[in-house]
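Reader: I'm new to reading protein models. Could you walk me through this one?

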Amino acid sequence: MPRSLLWQTFALLAVMLVLAFAAWSQIVRHFEQEPRARDLAQMVVSIVNLTRTALVNAESARRLEMLIDLTALEGIRVYPAEDDDTLTPLPDTRPITLLTSEIRRQLGPGTRFAGSWEGLTGFWVSFRLDPQDPDEYWVMLPRERIQRPRALEWLGWGGVIMGIALLGAYLIVFRIGRPLRLIAQAARTVGQGKYPPPLPAGGPGEIAEVAVAFNQMSGDLARLESDRAIILAGVSHDLRTPLARLRLGVEMSGAPNDEVRAMVSDIEEMDRVIGQFVDYGRSEPQPPETVKLAQLISDITEAYRLRGLDIQLDLDSAAAIRVRPIAFRRALRNLIDNAERYGGKAQTITVSTHSAGDHWKISVTDQGPGVPESAFETLKRPFVRLDEARSNPQGAGLGLAIVDRFARAHDGRLDLSNHPDGGLIATLTLPGTNAPVMTSG
């Protein structure tokens, strides 16, 4: 059974309606059988008594004509009973038992019943013209007078009523489930760093109240995000400006070159840490675009080649994804910076792309010591560094957290694994241009 609220509630209501309908039918049948059996028994007794009276009072020459009229006009047949008659008993059901018991009570204990006589199907009842008369007769009533002739019709109408009730139950549950699906979809959108349009505040009061509260929360988050962007821009400016003056002062201080290089390196690291903080907290107003991975990765890695870093590219020219280009550049640079920082100086960094169904995988492989598999998920958290495995104290521990946030915002994921020959493989999986759009539901 689907796990959605709509189908689970609908299935529960459907089961309850079916059980209620079945119980109601059985109750009606049970309490309606006895009155119906008495009415039918009175009708059968009256027919038998009228037939007996007609036979007793009719002239002998007119009896045959009278029997023919009864058969033609009323469907009632009368035959003399013989010892070798071929009889079939009536069905052993509660309505038949109630009927025969009431008839026998009124006509006498010697009354017999049969479902067919000599192959003629009907409701057969035996009687005598006089209690002391040894001759016995059979009178046959058409079975339609005894049984319910329209049972299937009533069952059909019951099915129609049940269908209408189920449709009403579905509409009720749908009216509750649809706003909840919209709220879930909007919550996923907020989780990706976007802000959905306001939810409609219609429907049941409780659902409308949740929608209004969600709209208020979404608006508050948007204002907080705007305030955070302003604060980060101010912090970046207020910190980087003194760092630039400090670097200029160090370079012009006349100190020994080794000390100048060490202080400049510390200033650059401080500037890099500030940049990571700004990148992690930055909102991304740029809309997604379709980009060719091979060209974009080549442009990003060219700056590293000019710095002397050995980067090998294994790119598929057909790879195309839909991302925010600036955010993708930032994420890939973080992966390459992470590989450069922890992989050692004399190493080759490999950047490759390959297809995975409707997605593309961008892998950055270094030749460092790797990390324990148990720490793969921990490394994606902000401010986490495993210095005991990759002993480099630089950085703020935000590089992989920035990449992981970028991947989730683009319906992708970041995976870490160790290379068999040593080194860490960071794989960024993103939907291709032909991948289906992810929706809630």
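Reader: Is I425 buried or exposed?

Author: First, a note: this is a predicted model, where local features need pLDDT of at least 70 and side-chain atom pairs count only at pLDDT 80 or more, while totals for chains, interfaces and linings use all residues. Residues are numbered from 1 along each chain as its sequence is written, and side-chain values use heavy atoms, with hydrogens and water left out. Now to your residue: buried means under 20% relative accessible area, exposed over 50%, and partly exposed in between (1.4 Å probe, protein chains only). The relative accessibility of I425 is 15%, so I425 counts as buried.

Reader: Which strand holds I425, and what does I425 touch?

Author: Strands here are DSSP runs (E, at least two residues) and helices are runs of H or I (at least four), numbered from the N terminus. By that numbering, I425 belongs to β12. Contact means heavy atoms within 4.5 Å. Leaving out residues up to four places away in sequence, I425 touches S363, V364, T365, D415, L416, S417 and H419.

Reader: What is the order of the strands in the open sheet of five?

Author: Two strands pair if DSSP finds at least two bridges between them. The edge strands, β1 (77–80) and β2 (87–88), each pair on one side only. Inside the sheet, β4 is joined antiparallel to β3 by four bridges and to β5 by five. With antiparallel pairing, the order reads β1-β5-β4-β3-β2.

Reader: Which residue of β4 stands opposite F113?

Author: β3 covers residues 113–117 and β4 covers 120–127. They form a hairpin with two residues between them, and E118 in the turn has a positive phi of about 50 degrees. Opposite F113 stands V125.

Reader: How many residues of β4 are buried?

Author: Helix α3 (residues 94–107) packs on the sheet and touches β3 and β4. As for β4, the strand is mostly covered: of its eight residues, the number buried is six.

Reader: Which elements give two or more residues to the lining of the second largest cavity?

Author: On a 1 Å grid over the protein atoms alone, a cavity is a set of points where a 1.4 Å probe fits but cannot get out, and lining residues have an atom within 4 Å of a point. Ten residues line this one, with L335, N338, V364, D366 and A426 nearest its centre. The elements you asked for are α8 (325–343) and β12 (424–431).

Note on methods:
Axes are lines fitted to C-alpha atoms, for helices over the stretch in contact, and angles run from 0 to 180 degrees between N-to-C directions. On a 1 Å grid over the protein atoms alone, a cavity is a set of points where a 1.4 Å probe fits but cannot get out, and a pocket is an open set with protein on both sides within 12 Å along at least five of seven lines; lining residues have an atom within 4 Å of a point.
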